[in-house]
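Subject: Structure handover and notes

Dear colleague,

I am passing on the structure we spoke about, and my notes on it follow below. Please read them with the model open beside you.

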Amino acid sequence: MRFSAVIVAAGAGSRAGPGEAKQWRALAGRPVARWSAEALLGAGADEVVVVVAEDQEDRARDALAGLDRLRFTQGGAMRSQSVIRGLAALSAPDDSIVLVHDAARPLLRAEHVARLLAALETAPAAILARPLADTLKRDAGDARIAATVPREQLWRAQTPQAFRLGALKAAYAAWPADEEPTDEAMVVERAGVVVALVPGDPALAKLTFPEDFAMAELVAGAARTTRIGQGVDAHRFGPGDSVMLCGVAIPHDHGLVGHSDADAGLHAITDALLGAIGEGDIGDHFPPTDPKWRGAASDLFLLHAAGLVARRGGRILNVDVTLICERPKIKPHRAAMRQRLAELLGLGLAAVSVKATTTEGMGFTGREEGLLAQAVAMVELPA
C-alpha cells in the first residue's frame, strides 16, 4: 500500500536536558530524527514531510542530508499546528494514507509500518500501542497515593499513527481552537472515526528525559551489524623523486603514475570502506576520466568514503593496510602513516594498522615495476 508521512520535529524538547533539541542530538552516531526519516523512506513512503521550528531548518537539512523524497515545512507554536502544517505540505490526494510520527521515537522499523498498513485494510485509522503492564497510581497532589487506578483495557499510544489524509484534515478543521489534543487519534476519535489498536513495540518509547537517551543507546547498539570490506590498488613507477603512500610523502628515485597522486594505500582503504557499505568502488565516485581529479590528493577520496559511512549512521572500527613492494622501505615511515590515517579517519592509533612485505623478487613488484596495496576495513552499521 502506498503512503506518505509527516515527521513532527518542531518541539524544543526542554525536558531532555541542556543542549540542542533532542531530535537533532546523536543516537548511536545518527541524529535522532534521521532514524525515523530513513525508516519511513526505507519502508516505501512516497514522500516524507519533516516539520521543523523556524530557526532549526538549517540544522534539519544538515541532519537529514542525502535523503530523497523528503521536504521541510515550518511548524507552529503547538504540536497540533505543526501537524496541520505538515499535512498541508503533502502533495498526496485526500484519499491516500498518511502516517504521522514523532521524531522523538527514533527506533522505528519497516515492520511497524507494515502492521499499520495491514490494519488500514479493514479500519479507517490505526495506531501503534502497548497494553499497560505497570500498576497505576493517582496522587493526591502532595506526592502521596490517593487511589490505585485499574489498568484493564488501558493502552500506551505510540507513533506512527495512520489515517486517510482527508479524514485527518477534516477532523483537525473541526477541532476546538482552545483545546490541544495529545495525538492524532484523539482528534479523529472525536470526529467519530474508529481507530484500530495495532501491537506496538517497547523500542518505540519516546525520548523525553535525559535517562531515555541512555536506554535508547543500549537498544540502538543492539540493533547494529558489523560489515567488512576489502580494497586492492596498484600503480606503476615512473619519473619522480618521491611517492605518496597512506598520506605520507616518501623520498624515492621514482614516482608513482596515476590520475590523482597515485597513493595506492589510501586508494585501497577507500575501496575497502566503500565495499563495506556496498557503495561501489573509487572509480564510481571519482572517475579517472574526469580532469578535475588530475593530481588530486587522495585524502579527498578517503574522507569522502568515511563521510558516506557516517551518513549511513555507521562508524569505522578499524583499518588494516598492507603495502607490497621491494622499495621504498616502508618501516621507517610506518609510524607517520598510521598517525596520518588515524587523523583522517578520526580513529585511535590502535585501530590503524600499516604493514609491508615483498614478493621476494617475483612478479611486477619484485621487478620493481610498481607497488601494490591491499586493505581491509571493518565498520559498524545500523542493522
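This is a predicted model: local features need pLDDT of at least 70, side-chain atom pairs count only at pLDDT 80 or more; totals for chains, interfaces and linings use all residues.

Is Glu360 buried or exposed? Glu360 is exposed, with a relative accessible area of 68%, where buried means under 20% relative accessible area, exposed over 50%, and partly exposed in between, with a 1.4 Å probe and protein chains only. Residues are numbered from 1 along each chain as its sequence is written, and side-chain values use heavy atoms, with hydrogens and water left out.

**Overall form**

The protein chain has twelve helices and 18 strands, these being DSSP runs (H or I of at least four residues for helices, E of at least two for strands) numbered from the N terminus. Its C-alpha trace spans about 85 × 50 × 35 Å along the principal axes. The radius of gyration of the chain is 27 Å, whereas a compact globule of 383 residues would have one near 21 Å; the radius is taken over C-alpha atoms, and the globule rule is 2.2 Å times the number of residues to the power 0.38. Buried residues make up 48% of the 383 residues. Of the contacts (heavy atoms within 4.5 Å) with a separation of 6 or more, 70% are between residues 24 or more positions apart.

**Nonpolar cores and a surface patch**

In soluble globular proteins, nonpolar side chains tend to be buried together. A nonpolar core here is a set of buried Ala, Val, Leu, Ile, Met, Phe, Trp, Tyr and Cys residues joined through side-chain atoms within 4.5 Å. The largest such core has 43 residues, of which Leu245, Leu273, Ile316, Leu323, Met337 and Leu341 touch the most other members. Among the elements that give two or more residues to this core are α8 (264-276), α10 (299-311), β16 (315-324) and α11 (334-345), and α8 gives the most, with eight residues. Apart from this core lies another, of 34 residues, among them Ile7, Trp24, Leu120 and Ala162.

Leu273 has contacts with residues including Leu302, Ala305, Ile316, Leu345 and Val379, not counting residues up to four places away in sequence.

On the surface, Met215, Leu218 and Val219 form a nonpolar patch with about 300 Å² of accessible area together. Patches are made of residues with over 30% relative accessible area and no salt bridge, with like charges joined within 9 Å and nonpolar side chains (Val, Leu, Ile, Met, Phe, Trp, Tyr) within 5 Å; the areas come from the Shrake-Rupley method with a 1.4 Å probe, and for residues only the protein chains shown count as cover. Leu218 lies in helix α7 (residues 210-222) and is exposed, with a relative accessible area of 62%.

**Salt bridges**

A search of the whole structure finds 23 salt bridges, each being a side-chain nitrogen of Lys or Arg within 4 Å of a carboxyl oxygen of Asp or Glu. Arg340 and Asp299 meet in one of them at 2.5 Å, N to O, and this pair links helix α11 with helix α10 across 41 residues of sequence. Arg340 is partly exposed at 25%, whereas Asp299 counts as buried at 16% relative accessibility. Asp320 forms a salt bridge with Lys355, with the closest N and O atoms 2.7 Å apart; Asp320 lies in strand β16 and Lys355 in strand β17, so the pair ties together parts that are 35 residues apart in sequence. Arg79, Asp102, Arg105 and Glu184 are linked in a network of salt bridges.

**Backbone points to check**

Most residues other than glycine have a negative phi, and most peptide bonds are trans. Glu360, in the loop between β17 and α12 (363-366), has a positive phi near 55°. Ala262 likewise has a positive phi, of about 65°, and is found in the loop between β15 and α8, where Ala262 is buried with a relative accessible area of 0%. The peptide bond from Thr159 to Pro160 is cis, with omega near 10°, and a cis peptide bond also joins Arg327 and Pro328, with omega about 0°. Pro160 lies in strand β10 (residues 155-164), and Pro328 in the loop between β16 and α11.

With best wishes
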